[in-house]
Amino acid sequence: MKISVIGCGYLGAVHAACMAKLGHDVVGVDVDERKIAELSAAKAPFYEPGLEELLRDVQETGRLKFTTDVSAVAGSAVHFICVGTPQKIGENGADLTYVDAAMRTLTPHVLPGDIVVGKSTVPVGTAARLAAVLEKNQPSAHLVWNPEFLREGHAVADTLQPDRFVYGVLGGSEDHIAVRVLDEVYEAPLSSGTSRIVTDHPTAELVKTAANSFLATKISFINAMAELCDAAGADVTQLADAIGMDDRIGRKFLNAGIGFGGGCLPKDIRAFMARAGELGADQALTFLREVDAINMRRRTRVVELTRDLCGGSLLGKKITVLGAAFKPESDDVRDSPALSIAAQLQLQGAVVTVTDPKALTNAARRFPELHYEADCNSAIKSADALLLLTEWHQYRDLDPYEVAGVVASARILDGRNVLDPAKWRAAGWIYRGLGRP
Ligand code: UGA
């Protein structure tokens, strides 16, 4: 099928490449010339495992093109909207400028019978508004809301083999013509067993925000338990293992630590609260305020623990932060808890060095006042304390005996509870985890 993808950021670039991999003829459109030039040269504008190989692979087939010229979408039967919906500056709500602009520039090129598919995460009610815009310009085109559930670091696999598809169509009926068209787009994953749910526009929009809110709640729940474990001298890791064995609860997303960050969970729960308020249903989501508060409290807690670890004062202490990205296998530093902690420590008088295998360029752009060191060994040299804040495998695998010979003082704070405390203590380290005795 001929497909267009509007917006070639995280979601769009991966989606375009994966659709071409599934055998479709794809054109990706973005206003950012640098991004388009990189993608056209099969270079990923951000770090995502497997993406560059995939781009090379599909561009050789001639099935994938990128352009800044939106008129190139003409002739595509399906148009995916994959632009970002960041948090508004100074407000909790989502900024829909890019979604509205995408719709505005796309509609003049939409032909009768075309399907426009929204994948961006939007406040409930957006699809109805966009459907009206589309109808005014092209009454015989259709709008589907088809939220995306990919995780950064696993984006390619999550797009090629998602665990479910949700199609939101006008009226929510299986018989809607757009259902057949989308089934054709996703034929390969559907035939290998991916489930799909057909529903109406508002339910499809809500599925996405509800899913991210549930994940955020799960993380904040276990972090609240970590606070209790700290107070009671219990071990949150064992607690998570034990409650996670109940398959109604499940062990996934119960890793206590410095909390969640990134370009999705934090802004999505805030946008959800803002939208609930507009709908007069704010009480239903007041618990998300607590989820957000627990999450932000993790960051201050780590600063306090670090002060403690350094003997009561941060002034002049050389602290090395291992990891800057909001999670491993990503160079994304949007709302990264690791960087936010590094910046707070620096403000309180510590001399902070940050290292990360992929995210240093982005980190330096966001926090130019921090000191960055790409080489892990140089970064930890003569440190008074190490803080493991993003659990890249190279930090999980550090040898405590070797590292003890490089630092000035063998003190480590394990912000993700991924190290073996007994092993580090046996090697002479003062080890602190979060919610671990
Ligand atoms: C999240 C969702 O997981 C995806 O399903 C969704 O499609 C995506 O947002 C989106 O809306 O686009 P992502 O932001 O890539 O994906 O990252 P997650 O894997 O959800 O991790 C989010 C944060 O939670 C990270 O900072 C991670 O370190 C933290 N986390 C995760 C924990 O602190 N504990 C855990 O147990 C799990």
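The largest nonpolar core has 46 residues, and L345, V354 and L387 make the most contacts inside it. Such a core is a set of buried Ala, Val, Leu, Ile, Met, Phe, Trp, Tyr and Cys residues joined through side-chain atoms within 4.5 Å, where buried means under 20% relative accessible area (1.4 Å probe, protein chains only). At least two residues of this core come from each of α12 (286–309), β9 (318–322), α13 (337–347), β10 (351–355), α14 (360–366), β12 (385–388) and β13 (411–414); helices (H or I, at least four residues) and strands (E, at least two) are DSSP runs numbered from the N terminus. The most, five residues, is given by α13.

The model is predicted: local features need pLDDT of at least 70, side-chain atom pairs count only at pLDDT 80 or more, and totals for chains, interfaces and linings use all residues. Residues are numbered from 1 along each chain as its sequence is written, and side-chain values use heavy atoms, with hydrogens and water left out.

Around the ligand there are 21 residues, of which F149, L150, E152, N212 and K327 come nearest; a residue counts as near if one of its heavy atoms lies within 4 Å. A backbone N or O atom of L150 is 2.7 Å from a ligand oxygen atom, and a backbone N or O atom of E152 is 2.8 Å from a ligand oxygen atom. From N212, a side-chain N or O atom lies 2.8 Å from an oxygen atom of the ligand. The protein buries 90% of the 720 Å² that the ligand exposes when taken alone (Shrake-Rupley method, 1.4 Å probe). Within the shell, α9 (201–232) and α11 (265–278) are the elements that give two or more residues, and α9 has the largest share, four residues.

Methods
Polar contact = N/O pair within 3.5 Å; in protein donor to acceptor, adjacent residues only side chain to side chain. Buried < 20%, exposed > 50% of the residue type's maximum accessible area, 1.4 Å probe, protein only.
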